[in-house]
Every structure is written in C-alpha cells, then in structure tokens.
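Here are my notes on this model. Please keep the structure open while you read.

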Amino acid sequence: MKPALLFLARLLRAPSAAVGAAVLLALVAAAATAGWLYPGDPLEMVGAPFTWPGTDAAFPAGTDLMGRDILAGLFHGARVSLLVGGASAAIALALGLLVGAIAGYAGPRVDAALMRLTELFQTVPSFLLAIVLVAILGPSLSTIIFALGVTSWTGIARLTRGEFITLREREFVRAAQALGAGHARIIFREILPNALPPIIVTTAVLVANAILSEAGLSFLGLGDPNVVSWGSMVGAGREALRTAWYMTALPGLTIMAAVLALNLLSDAINDALNPKLRRRAAVAPAAPLPTASP
C-alpha cells in the first residue's frame, strides 16, 4: 500500500479524526454557503433587538442588542475566522520553514545568528506584539493576518531547525551530496519531505491559535470594523452579558468548536504519522505496584 493511502487509512480509523473533520467540514460549509443563505450584510439591523433564540422563526439564533441576526453573523464570521486562521498560519509556516531550514542546514555561524533573531521575537509575547502591529498599521483584515503571521513563526522555525540538524547527517543526504546534488535539491527534495510530519501536526495547532488570537483582537476592538467575526460578536455581546448571555455564548461556543476540531485533527494526524509510538505506549509494561514493608 502506498504511504499516502496507509496514512489515510490510519487517520480514518481514529475517532478523534472523524469528530474533528466533521466539525471542521461543517464550519467550512457554513463559510461557503454564507453568501447564499444570508446574502445581505450581516452587520445590518434586521429585527427587534434582544430576540432570544427560538422565539422568532425568522431568527433561529436570535438577534443581538442592535437587532442583527446572530446566525447570519455566525455564518459570515466563519469566513473571516477561517480565512485569518489559514492565511496567518501559512505566513508563519513559510517564515518558520525558511528560517529553520537555513539554520539547521547552513552551519553553526548562520544557525547562531538566526536563533538569536528567533529568540528576539520570543522575548515579546506574540499576542502583545500582534496588538502593537495592528494598532500601528490599522485594524483591517490584511493587517491582522500579517500581524498574526509574523508573530507566530518561531515555534515552526525551532521545530524545523531540529529536524534538519537530525536529518542532515543521515545516509541518504550524504549519498545525495556524494552524487553532486546542490544545496537547494538537498533541502527541498531530500530533507524537507522527511521533516514534514511533525510540522504538519504543528500547523493545525497554528491555525487554532490564530483563530483564538483573531477573536482576542476583535474582542479588544482591534478587529476589522467592516466585517463580522466570531470575536467581534463576543465583544459586542459583552455589554449585555447578564441580561442576554446567548449573544456571547453562541459565538464563543463556535470558537471553541473550531479550536477543538483542529486540536483533535492534530492529535489524530500525529498518531497516524507515528504509529510506532502509539503501539509502543500500548504494549509498555505497567509499573510494579509498591509492596508493603514488613
């Protein structure tokens, strides 16, 4: 069986993968059908304020304190939250792979310089740095994606560097060097494909962290005011938290579902890519019970 098919077979056998994929596909479907099901502007006031869920058939999830349809906001917010999560994770992945691959392959001097740069970014909390960047550049969707991307690459860089340091001494790399392969071919054709499994697992966590960070920025009023996101819905509903808790609970539960689905998928992918570790843990002998002293 081909490695890709074997990986899919292992992945599909994991219950966490099925649950995570089902929730994530539902959110992607909501984002894809938002313009068709709710063609209007989700920020428009379309009903009476403070309509509780289930009291009006026209608004199944109710309305917020300004009369905006909460269900429309959830569907359109899926577009923004998933876009920010995916795009910022892609930026962080590209930067982390570039820095980590060069640091792990080029040698000790370049490695030391790039690791000092990585440590410089790690001295400031990433969310605080993202707040500063968004405040300077202006709260728009593109600046939020940029800010979250350039503040989240350090973990990927360190992971990639460690994988490259381990793999660059392997026999297949030495063989490629002996055959006269260039540095680019060795990096992208020999080492990088073998370093991808742990990086793929970390990427799913990156997307989840980006969704949480975007929600935090929007909650603080630093989100794009022209679009609706789950975080901005939570921020708008906090003013009526005691009298209409559903305004914050529904988008908050959606954020939790998205993050949980991505974490379940990352765990399932990790188990599928490392079946030996899972099998070893299953057959490991239990620790002996302590015996009472006479």
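Which residues does glycine 149 touch, not counting residues up to four places away in sequence?

1. Glycine 149 touches Ser88, Ile91, Ala92 and Leu95. A contact here means heavy atoms within 4.5 Å.

2. Some ground rules. This is a predicted model, where local features need pLDDT of at least 70, side-chain atom pairs count only at pLDDT 80 or more, and totals for chains, interfaces and linings use all residues. Residues are numbered from 1 along each chain as its sequence is written, and side-chain values use heavy atoms, with hydrogens and water left out.

3. Glycine 149 lies in helix 6 (residues 141-150). Helices are DSSP runs (H or I, at least four residues), numbered from the N terminus. Glycine 149 counts as buried because its relative accessibility is 0%. Buried means under 20% relative accessible area (1.4 Å probe, protein chains only).

4. Check the confidence. pLDDT is the predictor's confidence in each residue, from 0 to 100. The protein chain averages 84, and 89% of the residues score at least 70. Helix 6 has the highest mean, at 93, while helix 12 (residues 275-283) has the lowest, at 44. Over residues 277-294, pLDDT stays under 50. Where pLDDT is low, the predicted coordinates should not be read in detail.

5. Of its 52 residues, Ile70, Phe164, Ile191, Ile211 and Trp230 touch the most other members. Helix 3 gives the most to this core, with 13 residues. A second, separate core has eleven residues, including Ile144, Ile145, Leu148 and Leu217.

Key: Helix = DSSP H or I, 4+ residues; strand = E, 2+ residues; numbered from the N terminus. Buried < 20%, exposed > 50% of the residue type's maximum accessible area, 1.4 Å probe, protein only. Core = buried A, V, L, I, M, F, W, Y, C linked by side-chain atoms within 4.5 Å.
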